[in-house]
Protein chains: 2
Amino acid sequence: MSLQIKNYKQIISYGISFAFLLALLKWLEIRYIVFQNSFEIYAGAIALIFTVLGIWLALKLAKPTIQTKIIEKEVFINRVDEFKFNRAAADNLGLSDREIEVLQLMANGLSNQEIADKLFISLNTIKTHISRIFEKMNVKRRTQAIELAKNLSIISY
Amino acid sequence: MSLQIKNYKQIISYGISFAFLLALLKWLEIRYIVFQNSFEIYAGAIALIFTVLGIWLALKLAKPTIQTKIIEKEVFINRVDEFKFNRAAADNLGLSDREIEVLQLMANGLSNQEIADKLFISLNTIKTHISRIFEKMNVKRRTQAIELAKNLSIISY
DNA sequence: ATTCCATTCATACTTTAGTATGATTTAAAG
DNA sequence: CTTTAAATCATACTAAAGTATGAATGGAAT
């Protein structure tokens, strides 16, 4: 357990307080004869006062336990700008990489033939991919697939 | 600033330690004559010991000060429903209200038949509207129209 | 009043989209 | 080594989308 020092000004002020207390006790010793008969009372008083002082010092100087609290702040993004691919959603639907690729091109407004040309595969293959996509996404039309995929951030705008 | 007590067994053991220390000092007083000439040294020793004891007590018993550090984590949320209809863009393309209505339903994934049913007009009328929309927007497919319309904020997401 | 335009509808047609089924290849997983 | 899944392709079909053309209506502007 370590005492973390906050700053030297505080240390100095505590030192001064300490010295002052000692002086006060000395003064009391001279002025009154409280302890004339019982040295133990005087020692006890010192013990008590400095125990309290120690407690006070410790509480003042002890390093506070830092508790980190993370607050999630919602930041709304308007479309396109920053697109974060939601892999979880894609995986959840069981969409393959190729299917997502086709989905994106579909959403970009390409016809099946254009997608086929772009990916250097046959029109039939595109149709097969798209049928699988519809099955997995549980939709009936490409427009629905596009709508859903964008909502799930599977494809960008 | 409050001292939080952990349990009474500890308090008792600390009390015993306290008493033992006092006894030890008394014993030292008798055994050696360390303080014979200087009472101040003895008082200082007591002060020091009990300051340390106080500090130790405080650290043991005090409930640690919890300083909460708040970290704001930004959670990005794609899209908001904050949609501002871009009338200028729609007017620029010469799209009529009805056409924009059809466009929106198209983007929502409805088939021509479903749009017709929803608007209580015939499938043929929907086809006519859509052909006009494609002409005005200079596109060939509904997916392209949807893409463009969304980019121009003519329809919402 | 008449022109203009949005809206509606129809028929006939072409093109594209989507379904069903089966098959091959290849790479990863068991 | 064999099973599994992704990716590829084909044929044949149905359904939906999209085009072309023409037309009727009603409201707003000229």
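In the predicted model, S153(B) is partly exposed, with a relative accessible area of 21%, a value that lies between the limit of under 20% for buried residues and that of over 50% for exposed ones. This serine is placed in the segment after α7 of chain B, and its phi is near 55 degrees, which is a positive value in a residue other than glycine. A positive phi of about 60 degrees is also found at N138(B), again although the residue is not a glycine. N138(B) belongs to the loop between α6 and α7 of chain B, and with a relative accessible area of 69% it is exposed.

Helix α6 of chain B covers residues 123-137 and helix α7 of chain B covers residues 142-151, and their axes come within 10 Å and cross at roughly 60 degrees. At this angle α6(B) and α7(B) are therefore oblique to each other, since the range that counts as roughly perpendicular begins at 65 degrees and angles count as roughly parallel when they are under 35 degrees. The crossing in which α6(B) passes α7(B) is left-handed. On the side of α6(B), the contact is made by I130(B), F134(B) and M137(B), and these residues meet R142(B), A145(B), L148(B) and A149(B) of α7(B). Sorted by class, the contact of α6(B) with α7(B) comprises 6 nonpolar residues and 1 charged residue, with no polar residue taking part.

Helix α4 of chain B, which spans residues 97-107, contains Q104(B). The relative accessible area of Q104(B) is 19%, and the residue is therefore classed as buried, the cut-off for this class being under 20%. When residues up to four places away in sequence are not counted, Q104(B) touches I155(B) and S156(B). The same helix α4 of chain B also holds both E101(B) and R98(B), which are 3 residues apart, or about one turn of the helix. The side chains of E101(B) and R98(B) meet in a salt bridge with an N to O distance of 3.0 Å.

Over all chains, a search of the whole structure finds 8 salt bridges, among them two that link chain A with chain B. In one of these, the side chain of R141(A) meets that of E114(B), with 2.7 Å from N to O. The pair runs from the loop between α6 (123-137) and α7 (142-151) of chain A, where R141(A) is located, to helix α5 (residues 112-119) of chain B, where E114(B) is located. R141(A) has a relative accessible area of 21% and is partly exposed, and E114(B), at 33% relative accessibility, likewise counts as partly exposed.

The other pair consists of K150(A) and E147(B), whose closest N and O atoms are 3.6 Å apart in a salt bridge.

Terms used
Residues are numbered from 1 along each chain as its sequence is written. Chains are lettered from A and ligands numbered from 1 in the order in which they are written. This is a predicted model: local features need pLDDT of at least 70, side-chain atom pairs count only at pLDDT 80 or more; totals for chains, interfaces and linings use all residues. Side-chain values use heavy atoms; hydrogens and water are left out. Axes are lines fitted to C-alpha atoms, for helices over the stretch in contact, and angles run from 0 to 180 degrees between N-to-C directions. Helices (H or I, at least four residues) and strands (E, at least two) are DSSP runs, numbered from the N terminus. Angles under 35 degrees count as roughly parallel, over 145 as roughly antiparallel, 65 to 115 as roughly perpendicular and the rest as oblique. A crossing is left-handed if the near helix is turned anticlockwise from the far one by less than a right angle, and right-handed if clockwise. Contact means heavy atoms within 4.5 Å. Ala, Val, Leu, Ile, Met, Phe, Trp, Tyr, Cys and Pro count as nonpolar, Asp, Glu, Lys and Arg as charged, and the others, Gly among them, as polar. Buried means under 20% relative accessible area, exposed over 50%, partly exposed in between (1.4 Å probe, protein chains only). A salt bridge is a side-chain nitrogen of Lys or Arg within 4 Å of a carboxyl oxygen of Asp or Glu.
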